[in-house]
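Please look over the sequence and the model below before reading on.

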Amino acid sequence: MNLGPLIAALIIVESNGRDNAIGDAGLAIGALQIHRAVVVDANRIAGTSYTHDQMTNRVAARRVCEIYLSRYAGGKTNEEAARIWNGGPTGHRKSATIAYWNKVKKHL
């Protein structure tokens, strides 16, 4: 799966392209609105050493997203991958992530 177009759409939905965006009461940061747990998980998966503070760096944030989605959304559709990004590893099975997908698909 080529994640490039999907990640570009996620960035628009998550932050409207703002690398310094802060959301979820300060818990999610950067263009992809990444939570600390996602960084920890990506580091565990790939043996990397990213920090949560680095998620305001577009290159680092995209890489963490790629690692996370490659692990949890490998072989899945763009819809499933977007819903996993929004709702965690089982997000594609949560009805709460359908509205998120509807936003993302407008930018694909």
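The model is predicted, with local features requiring a pLDDT of at least 70 and side-chain atom pairs counted only at pLDDT 80 or more, while totals for chains, interfaces and linings use all residues. Residues are numbered from 1 along each chain as its sequence is written, and side-chain values use heavy atoms, with hydrogens and water left out.

Helices (H or I, at least four residues) and strands (E, at least two) are DSSP runs, numbered from the N terminus.

Leaving aside its neighbours within four places in sequence, Ile34 is in contact with Leu27, Ala28, Ile29, Val39, His52, Met55, Ala61, Val64 and Trp85, contact meaning heavy atoms within 4.5 Å.

The helices can now be taken in turn. In H2, the buried residues are Val38, Val39, Asp41, Ala42 and Asn43, and the buried residues of this helix pack against strand S3 (34–35), H3 and H4. Just after H2 comes Gly47, which takes a positive phi of about 70°.

The axes of H3 and H4 come within 10 Å and cross at roughly 115°, where axes are lines fitted to C-alpha atoms, for helices over the stretch in contact, and angles run from 0 to 180 degrees between N-to-C directions. H3 passes H4 in a right-handed crossing; a crossing is right-handed if the near helix is turned clockwise from the far one by less than a right angle, and left-handed if anticlockwise. Cys65, Tyr68, Leu69 and Tyr72 of H3 make this contact with Ala81, Ile84 and Trp85 of H4. By class, the contact of H3 with H4 has 7 nonpolar, no polar and no charged residues; here Ala, Val, Leu, Ile, Met, Phe, Trp, Tyr, Cys and Pro count as nonpolar, Asp, Glu, Lys and Arg as charged, and the others, Gly among them, as polar.

H4 also meets H5. The axes of helix H4 (residues 78–87) and helix H5 (residues 98–105) come within 9 Å and cross at roughly 120°. That angle makes H4 oblique to H5, since angles under 35 degrees count as roughly parallel, over 145 as roughly antiparallel, 65 to 115 as roughly perpendicular and the rest as oblique. The crossing of H4 and H5 is right-handed. On the H4 side, Asn78, Glu79, Ala82, Arg83, Trp85 and Asn86 meet Ile98, Tyr100, Trp101 and Val104 of H5, and the residues of this contact divide into 6 nonpolar, 2 polar and 2 charged.

Within H4 itself, Ala81, Ala82, Arg83, Ile84, Trp85 and Gly87 are buried, and the buried residues of H4 pack against H1, S3, H2, H3 and H5. Just after H4, Gly88 takes a positive phi of about 90°.

Tyr100 lies in helix H5 and counts as buried, at 8% relative accessibility. Not counting residues up to four places away in sequence, Tyr100 touches Leu10, Val13, Glu14, Ala82, Trp85 and Asn86.

The loops complete the tour. Most residues other than glycine have a negative phi. Asp24, although not a glycine, has a positive phi of about 50°; Asp24 lies in the loop between strand S1 (22–23) and strand S2 (28–29) and, at 47% relative accessibility, counts as partly exposed. Gln33, also a residue other than glycine, has a positive phi near 50°. Gln33 is placed in the loop between S2 and S3 and is buried, with a relative accessible area of 13%. Ala21, in the loop between H1 and S1, is buried as well, with a relative accessible area of 2%, and touches Ser15, Ala28, Ile29, Gly30 and Gln33, not counting residues up to four places away in sequence.

Notes:
Buried < 20%, exposed > 50% of the residue type's maximum accessible area, 1.4 Å probe, protein only.
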